[in-house]
Amino acid sequence: MIPHELMAPLMFGGLVVFMLLGYPVAFSLAAVGLFFGFIAIREGFFDFSLMQALPERVFGILSNDTLLAIPFFTLMGAILERCGLAEDLLDGLGQLFGPVRGGLGYAVIVVGAILGAITGTVAASVIAMGLISLPVMARYGYDMKYATGVIAASGTITQLIPPSLVLIVLADQLGRSVGDMYMGAWGPSLIQVLLFCLYTFGVSVFKPQWVPGIPRESRTMTGWPLVKRCLWGIVPSLVLIFLVLGTIFLGLATPTEGGAMGMVGAIVLAVLHRPEFSRHAKIASWIGAAALTIVTVPAFVVWQSDWMPAGLLSAATTALDQIRAPIFVVSYIALAVVMWEAVRIAPLRDLIRQASQSTMRLTAMVIFILIGSTIFTLVFRGVDGDLWIEGMLLHLPGGTVGFLIFVNLFVFFLAFFLDFFEIAFIIIPLLAPVATKLGIDLIWFGVLLCVNMQTSFMHPPFGFALFYLRGIAPKEVRSSQIYWGAIPWVVLQLIMVGIVIAFPQLVTAFLDKPSTVDPNTIQIEIQQEEERNEPPPDFSTPQK
């Protein structure tokens, strides 16, 4: 007979053993949960009726609208990874910053941030930048440890910058809004980009031979052609960022709807970057863009009605009512013509098919891990495992600070062996109740863990960003250079963890302030009417 107080530690230990043996995490979670669940029922620790909640919980996972955003953002990133947008961005910004010492490093960091805001996946950013930038950096004499480190680290910024998949999963596990999680992540994202740029500047000052400037005569473009090349990569990216994130932040779309629009926008961008893009489709795209621009002006006036003149507001409202329907019909027809190009162009059709297959694999993996973690969590809580975890963490020395230090060290070392999906689905549900009892804002807590979990892509043995880079790097680049080059950037990411702990306003300043009104103090007073000495109404039959 197993004592009740040992069930939770044995479950946790059994899960660790299964994963160390190399079994898939999703099936390890489910197997350990069911095995200990049957033992708990046999020993009388809980009733079989608890396990009858499993089908409903699985159905709840599959019908979760929030998680529906994951395949949309994944497909968007997979399409943009292959469509040529990254090449345009890196080529333009690389030639713009190239003559400056460390210029290619700055270009990679900025492009990594832009790609992060439009792809949401680390693999897309690291592979695209590694294929394009690494040979150029090697050609102009950049130190390989710095070059590989900046490419891998800039790719992992995607983990933190909205629309990150990690933020979606964390919001779901913490029971918070994805929009709030996205809003809170912007401050740390921008500070991290600045931190990477400062490190590159420091390298250019103290180790200038590591990051030489590109000779001006090596640039193939200058002046207006260079500016045009940069704008061709940046402007469509900014439009797509607004289409996805702007609509979410303005409350015009949910994250799922924003992801769907982003996926359509990614296909349109992929079409625009194809040389086979036909003339009639170009005309249709210009007509659609003009139509949307026309309807945007009165829509903005109506939206900002509080400070607009009454005459202008009335005219804008009338115009919007009259042109809204025909304008949207024209826009959808133009969009249909452009989307047909994605079907007509064979290479683009194959690209979308490959992107859909990779999206299907990743989505299936996430769902299986989530189902397994649901089984494990149900049984773990059934044997009071949550109380066991809570008791240990609430009595750590140092109170809230001690809890944060322990959790961050724990997650950092777990990231050596687990990827971010597994940490989010297994560990976060156990930590969230303790954080709530300690009065920690869960949005801030989720963003903090997201900053920490970036390191899971950067250090061995499961540093996936390093694996991606090793797979596409030339043979002349040694694996030791890739791993040693990652260390300074991991240190910068850990410094970022400390900055978020020291300055929580980086997250909370962007969030809506909660109401400070105590509902218990609200009093509703109804003024009673004075009594009137009037005869009651007469409902009798009128006299003829």
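Of the 165 residues that make up the largest nonpolar core, Leu80, Phe403 and Phe445 touch the most other members, a core being a set of buried Ala, Val, Leu, Ile, Met, Phe, Trp, Tyr and Cys residues joined through side-chain atoms within 4.5 Å. Helix H15 (residues 346-382) contributes the largest share of this core, 13 residues. This is a predicted model, in which local features need pLDDT of at least 70, side-chain atom pairs count only at pLDDT 80 or more, and totals for chains, interfaces and linings use all residues. Residues are numbered from 1 along each chain as its sequence is written, and side-chain values use heavy atoms, with hydrogens and water left out.

**The cavity**
- The structure holds 1 cavity of 30 Å³ or more, where a cavity is a set of points, on a 1 Å grid over the protein atoms alone, at which a 1.4 Å probe fits but cannot get out.
- The largest cavity has a volume of about 40 Å³, volume being the space filled by probe spheres set on the points, which are joined across faces, edges and corners.
- Its lining, meaning residues with an atom within 4 Å of a point, includes Leu29, Ser373, Phe376 and Leu430.
- H15 gives the most to this lining, with 4 residues, while H15 and helix H18 (420-426) each supply at least two.

**Glu81**
- Glu81 lies in helix H4 (residues 69-82), helices being DSSP runs of H or I with at least four residues, numbered from the N terminus.
- Glu81 is partly exposed, with a relative accessible area of 22%, since buried means under 20%, exposed over 50% and partly exposed in between (1.4 Å probe, protein chains only).
- The C-alpha atoms of Glu81 and Leu351, 270 residues apart along the chain, are separated by 9.9 Å.

Technical notes. 1 Å grid on protein atoms, 1.4 Å probe; cavity = no way out; pocket = protein on both sides within 12 Å on 5 of 7 lines; lining within 4 Å.
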